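Here is my note on the structure below. The points are numbered and can be read in order.

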Amino acid sequence: MLSTVLEKLETLFSKHMLLGAFYPILVTVFLNLALLHHTSPGFRAWLATRAPSATVETLMSGSVLVFAIAVGAFFLSTIALFLRRLIEGLWPAWLCRKIAPLQRAELDAIETQVTKATEFRRELRELESSLDNGLNKARGKGRTNFATVCVYGQSIKEIIDLRHKREQDQLISAKDLTDAAAELSKVLETNNADLPNSAHAVRLDTDAVDLGEHLVTYATSRAVDDVIAAHLRRQAEFGDQIVEPTAPGNMMRAVSSYAQRRYGFNMDLLWTRLQHAMQGQPFYQTVLGAKAELDSLIALFWLTGVTWVAWWFVLAFIVRSSATFLLVALAGPLVSWALYRLVVASYRSFTDLLRASVDLYRFEVLKGLHLPLPEGPSSERRTWETVALHNAYGEELTLPYEHKAPP
Amino acid sequence: MSTNAVKAKATKIALWITACYAVISLGISAWNYASVDSKPVHYVATRPLPCNHRIVEADLATPRGVNGTARAQQLPPRTTLTGKYTRAAIAANQYIVASTLRTDPVIARQDDGRTVVPVALPAALPAGLVDAGTYVDVVSSGAIIAPRVRILAVTCTSAGPCAALVRVRPEVAAAIDEKAIVAIRTDAGGDVMDQKGWIKVGETVEIPAKPAAIWTKVLDYVPLNTVLKLEATEKWEYADGVKCGPDGAVANKLKLDPLSNVAPIGALIGRIGGSTATIPKGDESGIFAVGSFAVVSVPAAGPLFLTINLAPSQYPTTTDTIKVTIYESKP
């Protein structure tokens, strides 16, 4: 019966409303009813009087419940923005001052990581050619001075360690490579790695090639990956200047900073126009879906939080049930924490879509405003700055209009 | 402050909050377990139950404060109590503890030559009309073969009708046949509630509005299941310049706290057991209203006390008294 009701509701409410408000309320109502059923014999007795057969009274009761949930969902949808802003750090100033340093520390850590990763990559790039040259020189010496000798029973420890790190997808530093090259060079200088019909020579040759080519390549590409990841994280998780007290708040700020830094596109002023420009595009449905999912998780986070806090007090001081209280006291914070992590993950994907929206559809905004498309990045920046000044401060628009003739 | 220092401080605060929350939650859980969950829950009696009373469904009530809560689930099934017998009298609203009940009634041996025999109860007899301690006639073929005998207990089996256990002389026991049944007394010999069935106990006593202690002792000892009739007259000053009779001030508008809520302010109230200094608490105090007329079946042996229904701190300074005459039902 419930699935039928939900299917009918989908025709009455938008998908966004259902996902963002109705389902969270529904989940919370069921959660509360389950707890009430567990703790209140009076409620159980009342429930037992409800006949399972579809009497008029039962149908009326069910309709009233669904109607109440729908009203709750409508109310929730009206405060969805407030709930979102709350999770993004719309708090009293004194609380922001207390919490924001933690996010600032997180930002500092990421920036340190970016710096280190960049430095690491630079060192490896410098080492890449010199390492191979050094090994080749040592190999030449060995071939000349010890033409008939090659004693290399097993790979040296440094090479084994490096291979181990590669297998475990760990970072290999320039120092690791330099140390290994120094040790291997000593062996190469006293042995002929090209001695025919020698298993030892084959092993030494393999190690030299592996170190000079494969391990260095792995270390460099791994460092590049790290640099990219660190840059992306910095770009996706924090804005340029202001630090909000929560991770979701900083991710939203990062979107504005990204658009401003890349194109001079002011998200605060132009977001509604960008939305209009995207309407009708399949991509816009993806953005709306991600937003609905985000709203749903935020609503669930707050409703679950309020539910377990309220039940914590009820079970502690009114119902006084030790086992159920302990269950709620332990599971409540864990569920809230898990939901917060999901909210943060959802923010990450949603803000990524917002950045992509700016990348892909910003020119549609200009078309909608009947303004000429810029020729290059610098003229685009000037265009958006002009549009922003016009919209925000009412300054005169110095750009010419461009009207397309109707088809 | 450096990044690591900020993170370390935040971690420390988070750990403190988590630890405090865990300790508080565990403490509350343990406190609830110790004070609520670990203690067994009992039904309470809906009315005074005499010794050897056979528990029926209507005798059991869920205690206040438990009804409607999770603790109600801990109540034993009613079927584990019904059909069992009380070992001692239980006052109304007192706990009925399963372990204190017996599967059979306790019949004391007496060396007076009388024997205990079962007599069938009429099938049409309303439930609860007769109980242990009720006086009845034993009738066979329309003739009373044993007048005014006291029921020791009522026994019931699933096979047949309930029977009353009575103690009678051997010749009467021999006369009790299959047709013998119990009959409620209605003859001139005196129903237990009949005026002619009462015996005056001592002289009329005066109960002062301002007692020497909390209660005024009236009788040293009243045996179990004794039925007393109390009649009270006169008036007393229950507050400055305000008088009422033994039935109390029904329309009282003064802010006075009574000892008990079973009777109005200023009414004559009584209790069996305890001492002259007992300050009873709640509805389990065993206090009964006397007023100008009362008949009381004594639920537990002990002294009889009477007093005015006021808080001890509000006892008046008057020397007014209420005169009380006490009767005992004829054996």
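In which hand, left-handed or right-handed, does H13(A) pass H1(B)?

1. H13(A) passes H1(B) in a right-handed crossing. A crossing is right-handed if the near helix is turned clockwise from the far one by less than a right angle, left-handed if anticlockwise. The two axes come within 8 Å and cross at roughly 165°. Axes are lines fitted to C-alpha atoms, for helices over the stretch in contact, with angles from 0 to 180 degrees between N-to-C directions. H13(A) and H1(B) are therefore roughly antiparallel. Angles under 35 degrees count as roughly parallel, over 145 as roughly antiparallel, 65 to 115 as roughly perpendicular and the rest as oblique.

2. Basis of the note. This is a predicted model: local features need pLDDT of at least 70, side-chain atom pairs count only at pLDDT 80 or more, and totals for chains, interfaces and linings use all residues. Residues are numbered from 1 along each chain as its sequence is written, chains are lettered from A and ligands numbered from 1 in the order in which they are written, and side-chain values use heavy atoms, with hydrogens and water left out.

3. Residues at the H13(A)–H1(B) crossing. H13(A) contributes A:Ser322, A:Ala323, A:Phe325, A:Leu326, A:Ala329 and A:Pro333 to the contact. From H1(B), the contact residues include B:Tyr21, B:Ser25, B:Leu26 and B:Ile28. Contact means heavy atoms within 4.5 Å. A:Ser322 is buried, at 7% relative accessible area. The cut-offs are under 20% for buried, over 50% for exposed and partly exposed in between (1.4 Å probe, protein chains only). Leaving aside residues up to four places away in sequence, A:Ser322 touches B:Ser29, B:Asn32, B:Tyr33 and B:Asp37.

4. Chain A overall. Chain A has 14 helices and 0 strands. Helices (H or I, at least four residues) and strands (E, at least two) are DSSP runs, numbered from the N terminus. Of its 407 residues, 41% are buried. Take the contacts in chain A between residues at least 6 apart in sequence: 75% join residues at least 24 apart.

5. Aromatic pairs. Over all chains there are 11 aromatic pairs. Rings of Phe, Tyr and Trp (its six-membered ring) pair if their centres lie within 6.5 Å; planes under 30 degrees apart count as stacked, over 60 as edge-to-face and the rest as tilted. A:Phe301 and A:Tyr340 form a tilted pair, with ring centres 6.0 Å apart and planes at 50°. A:Phe301 lies in H12 (residues 282-318) of chain A and A:Tyr340 in H13 (residues 322-368) of chain A, so the pair ties together parts 39 residues apart in sequence. A:Phe301 is buried at 14% relative accessible area. A:Tyr340 is partly exposed at 22%.

6. A pair across chains. A:Trp308 and B:Tyr21 form an edge-to-face pair, 6.2 Å centre to centre with 75° between the planes. A:Trp308 is in H12 of chain A and B:Tyr21 in H1 (residues 3-37) of chain B, so this pair joins two chains. A:Trp308 counts as buried at 17% relative accessibility. B:Tyr21 counts as partly exposed at 25%. Ring pairs link both into a cluster with A:Trp312, A:Phe313, A:Phe317 and A:Phe325.

7. Charges over rings. The charged end of A:Arg362 sits over the ring of A:Tyr263, 3.6 Å from its centre. B:Lys229 lies over the face of B:Tyr327, at 4.6 Å from the ring centre. The criterion is NZ of Lys or CZ of Arg within 6 Å of the ring centre and within 35 degrees of the ring normal. A:Tyr263 has another neighbour: A:Asp359 touches A:Tyr258 and A:Tyr263, not counting residues up to four places away in sequence. A:Asp359 and A:Tyr263 are 96 residues apart in sequence and 8.9 Å apart in space, C-alpha to C-alpha. A:Asp359 is in H13 of chain A and is partly exposed at 28% relative accessibility.

8. Helix packing within chain A. H2 (residues 15-39) of chain A and H12(A) have axes that come within 8 Å and cross at roughly 20°. H2(A) and H12(A) are therefore roughly parallel. H2(A) passes H12(A) in a right-handed crossing. For H11 (residues 267-278) and H14 (residues 377-393) of chain A, the axes come within 10 Å and cross at roughly 95°. H11(A) and H14(A) are therefore roughly perpendicular. A:Leu269, A:Leu270 and A:Arg273 of H11(A) meet residues of H14(A) including A:Trp384 and A:Val387.
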